Amino acid sequence: MEYLSRDFVSSQNAQHILPQEPSSLPEKVLQFGTGVLLRGLPDLLIDEANRQGIFNGRIVVVKSTSSGDTVEFDQQDNLYTVCIRGVQDAARVEQNVVCSAISRVLTANTQWDEILACAKNPAMEIVISNTTEVGIKLVNEDIHQTPPASFPGKLLAFLYARYQAFAGDPTKGLIITPTELIPDNGDKLERILLELAHLNNLEADFIDWMEQHNHCCNTLVDRIVPGKPAAETKTNIETQLGYRDDLLIMSEVYALWAIEGDEFVKNRFPLHLAHEGVIIAPDINPYRELKLRILNGGHTFSCGLAYLCGLDTVVEGMNHALFAHFIERLLLDEIAQTIPQPLTQAEAQTFAKKVLDRFRNPFIEHKWLSITMQYSSKMQMRNVPTILRYYDALGIVPEHMAFGFAAYLLFLRVVKTEEGRFYGQRNGVDYLIQDDQAAYFYTMWQNFSTRALVSAVLKNEDLWGTDLSQLNGFEEKVAFHLEAMKDRGVSRTLENFSHIAQAAQS
């Protein structure tokens with residue numbers, strides 16, 4: 001079987017794979033990183049914008065690590081397949097897209113001069129990076145090394161080369177969009193670049209040019225890109241496609257790339273016109289809030305409940321009628337009610353429905369037990385503000401949140417300790433509790449009755465930053481559900497709760 005390549009596409013008369021000749025497009029993007037998130041999200045979004053005639057630019061990829069080589073990219077002319085699998089609007093999606101956005105892949109350790117030469121390209125407009133969370137850090141180094149060791153060092157050297165090549169032309173600044181998963185990633189990167197410029201004694205005019213005419217944008221990315229599938233799955237896909245692809249990756253349907261930028265950024269990098277998942281706005285914090293409260297918070301309110309019901313993966317939960325009804329009502333009727341302005345209720349509901357589609361994805365195995373890691377800190381950060389907002393808005397007990405909170409407490413019921421580890425139990429089988437508060441809960445479950453435990457835990461301001469027992473009716477509901485779970489079992493209690501909840505809605 002032949003490799004995917006431009007020659008293969010030409011020989012097979014497969015213009016449907018590449019609707020236009022990508023080599024005719026100028027190189028507009030410099031990308032630091034070759035990882036699957038970059039290839040499955042921003043690179044694919046750029047490819048889609050190119051297909052629609054909106055962006056019309058290719059990507060030069062910088063491989064910064066010393067491990068591996070670029071053979072896989074070279075032998076396939078930098079083409080690769082993204083197999084999009086999942087659920088959208090409750091319908092199953094299976095789509096294969098060949099991404100042609102990458103023009104070449106250069107290795108920083110051996111091709112640094114070629115990378116710096118890209119700074120002289122007048123068409124260059126965008127920088128993208130994903131160097132993991134530790135990549136955006138200050139390293140006091142000489143940026144004139146070939147190459148500098150750190151990502152900020154490499155980027156600063158590139159910006160300095162561009163400043164010199166165009167004599168500080170204000171129109172030749174770049175839009176810099178780091179996608180590392182840290183809050184305010186653009187702001188942090190900009191501060192490091194400025195500090196590193198001062199440490200290297202770079203001239204004041206360059207520093208002014210960098211500050212005034214380059215845009216370091218905060219971004220938020222969200223897409224599950226598991227990467228290369230298992231060997232058997234990959235072979236089956238390649239048989240269907242009719243070619244071999246060593247760069248083939250899997251991706252879910254959902255895609256979000258939120259970029260904090262103004263009209264200048266929108267006009268120069270108009271990917272939002274090609275895909276609804278790209279958002280360019282002056283403030284992306286509302287979209288971070290949506291993700292944190294509905295997606296992450298929904299996971300946290302329900303992970304202990306799902307696991308104790310005998311459900312191991314998220315998709316198992318969505319195939320379980322009672323649990324699926326619980327999480328739908330949790331997201332749509334309760335958490336979505338707490339999303340603050342400027343987002344509307346319609347936007348929150350739409351996002352929640354997309355989250356439910358993601359949970360239903362049969363192609364991704366997401367284990368509930370993994371989601372319970374550091375359960376207490378997640379509950380405090382993601383869900384306590386949501387509970388408080390619900391009370392502020394409606395003044396009544398959020399029934400599904402209280403039920404999920406009760407399951408959280410039961411999940412943290414330690415039944416044994418061994419070599420400093422704490423274990424709970426499900427259906428007679430031990431599970432490891434990976435939570436910094438496990439010792440605290442071990443003591444609580446050893447020394448308190450159920451109702452006394454609930455009262456003491458909710459009053460613990462060191463845990464929650466507030467006294468949750470002061471919320472009208474919350475303590476009573478949590479204690480009621482927790483006692484029922486202990487006495488009747490979690491599944492039976494969920495069944496009773498669902499019947500009561502459905503009766504109240506009708």
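Analyst: Start at C83. Its bridge partner in β10 is M250. On another strand, β4, C83 stands opposite N96. The model is a predicted one, in which local features need pLDDT of at least 70, side-chain atom pairs count only at pLDDT 80 or more, and totals for chains, interfaces and linings use all residues. Residues are numbered from 1 along each chain as its sequence is written, and side-chain values use heavy atoms, with hydrogens and water left out.

Now the strands themselves. Helices (DSSP H or I runs of at least four residues) and strands (E runs of at least two) are numbered from the N terminus. Two strands count as paired if DSSP finds at least two bridges between them. β3 and β10 run parallel and share three bridges. β3 and β4 run antiparallel, with nine bridges joining them.

What order do the three strands take in the open sheet? The order is β4-β3-β10, and the pairing is mixed. β4 (91–99) and β10 (249–251) are the edge strands, each pairing on one side only. On average, neighbouring strands are turned by 20° against each other, direction ignored. Axes here are lines fitted to C-alpha atoms, for helices over the stretch in contact; angles run from 0 to 180 degrees between N-to-C directions.

Next, the turn. β3 and β4 form a hairpin with two residues between them. D89 sits in that turn, and its phi is positive, at about 50°. Most residues other than glycine have a negative phi, and most peptide bonds are trans.

A helix covers part of this sheet. Helix α3 (residues 42–51) lies across β3 and β4, and runs at about 80° to β4. Contact means heavy atoms within 4.5 Å. H275 is also worth a look. Leaving out residues up to four places away in sequence, H275 touches L45, E48 and A255. H275 belongs to the loop between α10 (263–268) and β12 (278–281). Is H275 buried or exposed? H275 is buried, at a relative accessible area of 19%. Buried means under 20% relative accessible area, exposed over 50%, and partly exposed in between, with a 1.4 Å probe and protein chains only.

Other loops hold positive phi values too. N78 is in the loop between α4 (71–75) and β3 (80–88). Phi of N78 is near 65°, and N78 is not glycine. N78 counts as buried, because its relative accessibility is 7%. D184 has a positive phi as well, near 55°. D184 lies in the loop between β7 (175–178) and α7 (185–199). With a relative accessible area of 35%, D184 is partly exposed.

Then the cis peptide bonds. One joins T146 and P147, with omega about 0°. P147 is placed in the loop between β6 (126–129) and α6 (151–165). Another runs from Q341 to P342, with omega near 15°. P342 is found in the loop between α13 and α14.

Two packed helices are described by the angle between their axes and the distance between the axes. Helix α13 (residues 321–334) and helix α14 (residues 345–359) pack at about 155°, and their axes are 9 Å apart. α13 and α14 are therefore roughly antiparallel. For this term the angle must be over 145 degrees; under 35 is roughly parallel, 65 to 115 roughly perpendicular, and the rest oblique. Their crossing is right-handed. A crossing is right-handed if the near helix is turned clockwise from the far one by less than a right angle, and left-handed if anticlockwise.

Which residues of α13 and α14 meet? From α13 come I327, E328, L331 and L332; from α14 come Q349, A352, K353, V355, L356 and F359. By class, this contact has seven nonpolar, one polar and two charged residues. Ala, Val, Leu, Ile, Met, Phe, Trp, Tyr, Cys and Pro count as nonpolar, Asp, Glu, Lys and Arg as charged, and the others, Gly among them, as polar.

Last, another open sheet. Its three strands have the order β13-β14-β15, with antiparallel pairing. β13 (416–418) and β15 (429–432) stand at the edges with a single partner strand each, so one side of each has no neighbour in the sheet. From one strand to the next, the twist averages 40°. β13 pairs with β14 (residues 421–426) over three bridges, in the antiparallel sense. R421 in β14 is the bridge partner of E418.
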